[in-house]
Each structure stands twice: as C-alpha cells, then as structure tokens.
Amino acid sequence: VSNVGSSEEYSLREPSLQRLGAFIRYRDSCIRHGNENWVGRHALANTDVASWIESLHRRARGEEIPEEWTPWVPETHFWIVANDEEIVGDIELRHPLTEVLRQMGGNIGYFMHPKHRRRGVASFALRSGLRILRDWGLDVALLTCRDDNIASIRTIEKAGGCSTRRFYNGRSYTAQVLDSA
Ligand SMILES: CC(C)(COP(=O)(O)OP(=O)(O)OC[C@H]1O[C@@H](n2cnc3c(N)ncnc32)[C@H](O)[C@@H]1OP(=O)(O)O)[C@@H](O)C(=O)NCCC(=O)NCCS
C-alpha cells in the first residue's frame with residue numbers, strides 16, 4: 001500500500017528486523033517527544049526489539065494475547081514508513097471484534113509521531129487500513145475515540161466515519177471499508 005504525497009511517499013510495512021535501525025530511531029524520537037502512552041503501550045519495544053517484533057507477528061496470528069486485554073483477537077500491526085526509510089507512525093487492525101472491543105477499541109488503532117502530524121499521514125494510514133479490512137471480508141469498520149481527541153475525530157470523519165454511539169467519554173464510528181486503489 002503506498003501513497004504519493006507532495007514530497008513524501010508513505011507505505012504500510014510489516015514489522016521486520018530489516019527496519020531495526022529505523023524502528024529504534026522512531027522509538028527513541030517518540031520518547032524524546034515525551035510520548036509516554038507510546039512507551040507504556042509497547043514495553044517490550046524498549047527492552048528487546050527483536051522479541052517485540054516477534055510478538056507482533058504472534059499477535060497477528062492470534063497466538064499472543066495480552067492478559068489485560070482478554071478476550072482479545074488477532075491484531076495486525078503495520079509500521080507507516082516514509083520514503084521507504086523512516087517510520088513515522090503505526091497502525092493496528094483487529095478482526096473479529098469482541099464485545100470489549102466493540103465498546104472501546106474497534107477495528108483500527110493508530111499513532112503518528114508528533115513531528116509528522118498534520119501532514120495527512122493518519123488519513124493515508126486509515127484509508128489503507130480500510131482497504132485491508134475490505135480484503136479481510138468486512139463491509140464496515142468500527143472505530144472508537146475519546147470525545148477530547150479532536151485530531152482523531154477529524155481523521156475519522158474525513159475518512160467517512162459516521163458517529164453511531166456515545167459512551168462515557170467517547171464515541172463510536174462506523175466507516176465503510178474501501179475498494180483497492
Ligand atoms: C490522531 C492522529 C493519529 C492524527 O494524525 P495526523 O497524521 O496528524 O492526521 P492527519 O494529518 O491525517 O489529519 C486528519 C485531519 O485531522 C485534522 N487534525 C489533525 N490534528 C488535529 C488537531 N490537533 N486539531 C485539529 N484538527 C486536527 C487535520 O487538519 C485533518 O483535517 P483537514 O484535512 O480537514 O485539515 C495523531 O494526532 C496521533 O497520533 N495522536 C495520538 C494517538 C491517537 O490519538 N490515536 C488515535 C486514538 S483513537
């Protein structure tokens with residue numbers, strides 16, 4: 001999956017040791033930008049990158065289920081790569097959904113490096129994710145988001161997401177999956 005932007009070409013890539021250097025630069029730069037969420041989410045990524053990458057592949061096969069997230073489902077993780085070089089974000093696709101994920105989490109999660117925000121990267125990644133979900137047989141994707149996450153709300157609505165339900169401090173959206181480009 002790739003996209004020719006004004007100056008950068010983005011693509012989704014499976015995590016691989018071949019991008020070890022790029023991943024470490026991405027990780028360390030996220031930490032320098034004070035992204036504690038990111039650090040907390042990926043604890044193993046900070047201590048043993050090879051095992052972290054292996055665990056992502058196990059998650060994609062549904063073989064590794066973080067205890068705190070049970071019941072959980074296969075989760076496929078992609079790195080968002082600029083110019084086939086730097087990692088600028090990541091996106092996770094989940095299917096099928098459990099009741100827990102229907103309430104909060106949905107089919108797609110994403111994170112962009114703070115320095116690379118507001119350049120359309122998340123929009124590109126979300127469109128790409130919606131195409132992949134179509135290939136997996138879905139007609140509609142479920143996305144959830146906190147009410148105070150204006151950036152994500154805009155990203156989802158721009159991708160055609162329609163708000164369907166409000167909950168505690170967030171909301172759910174449905175978005176039509178997309179045909180391949
Ligand atoms: C949400 C997030 C992924 C958006 O990434 P991004 O690459 O900056 O998004 P895009 O550049 O594709 O922007 C999409 C739309 O949102 C708007 N937008 C992005 N950030 C915004 C902000 N902080 N405030 C207002 N609008 C914003 C953009 O202007 C654009 O709309 P437009 O084309 O009408 O101008 C990014 O802010 C992020 O990683 N946040 C932390 C993790 C997170 O919240 N993940 C989602 C959990 S539900």
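Two strands are taken as paired if DSSP finds at least two bridges between them, where strands (E, at least two residues) and helices (H or I, at least four residues) are DSSP runs numbered from the N terminus. The legends below describe a predicted model, in which local features need pLDDT of at least 70 and side-chain atom pairs count only at pLDDT 80 or more, whereas totals for chains, interfaces and linings use all residues. Residues are numbered from 1 along each chain as its sequence is written, and side-chain values use heavy atoms, with hydrogens and water left out.

View 1. Strand β7 is joined to strand β8 (residues 170-176) by 5 bridges, and the two run antiparallel; in β8, Gly170 is the bridge partner of Phe167. The open sheet holds 3 strands in the order β6-β8-β7, with antiparallel pairing. Because β6 (140-146) and β7 (162-167) stand at the edges with a single partner strand each, one side of each is left without a neighbour in the sheet. Neighbouring strands of this sheet are turned by 25° against each other on average, direction ignored; axes here are lines fitted to C-alpha atoms, for helices over the stretch in contact, and angles run from 0 to 180 degrees between N-to-C directions. Helix α7 (residues 150-158) lies across β6 and β8 and runs at about 160° to β6.

View 2. Leaving aside neighbours within four places in sequence, the residues in contact with Thr144 (heavy atoms within 4.5 Å) include Arg102, Gln103, Phe167 and Arg171. A polar atom of the Thr144 side chain lies 2.7 Å from the backbone nitrogen of Gly105.

**View 3. Strand β3 and its partners.** In strand β3 (residues 75-82), 8 of the 8 residues are buried, so the strand is largely enclosed by the rest of the structure. Glu75, His77, Trp79 and Val81 on one side, and Thr76, Phe78, Ile80 and Ala82 on the other, are all buried, which leaves both faces of β3 covered. In the antiparallel sense, β3 pairs with β2 over 4 bridges, with Tyr10 opposite Ala82, and with strand β4 (residues 86-94) over 8 bridges, with Ile80 opposite Gly89. The hairpin formed by β3 and β4 has 3 residues between the strands, and Asn83 in the turn has a positive phi of about 50°.

**View 4. Aromatic rings.** A search of the whole structure finds 3 aromatic pairs, where rings of Phe, Tyr and Trp (its six-membered ring) pair if their centres lie within 6.5 Å, and planes under 30 degrees apart count as stacked, over 60 as edge-to-face and the rest as tilted. Tyr10 and Phe124 form a tilted pair, at 6.1 Å centre to centre and with 35° between the planes. Because Tyr10 lies in strand β2 (residues 9-13) and Phe124 in helix α6 (residues 121-135), the pair ties together parts that are 114 residues apart in sequence. Tyr10 counts as buried at 6% relative accessibility, and Phe124 counts as buried at 3%. Phe23, Tyr26 and Trp79 form one aromatic cluster.

How values were computed: Buried < 20%, exposed > 50% of the residue type's maximum accessible area, 1.4 Å probe, protein only. Polar contact = N/O pair within 3.5 Å; in protein donor to acceptor, adjacent residues only side chain to side chain.
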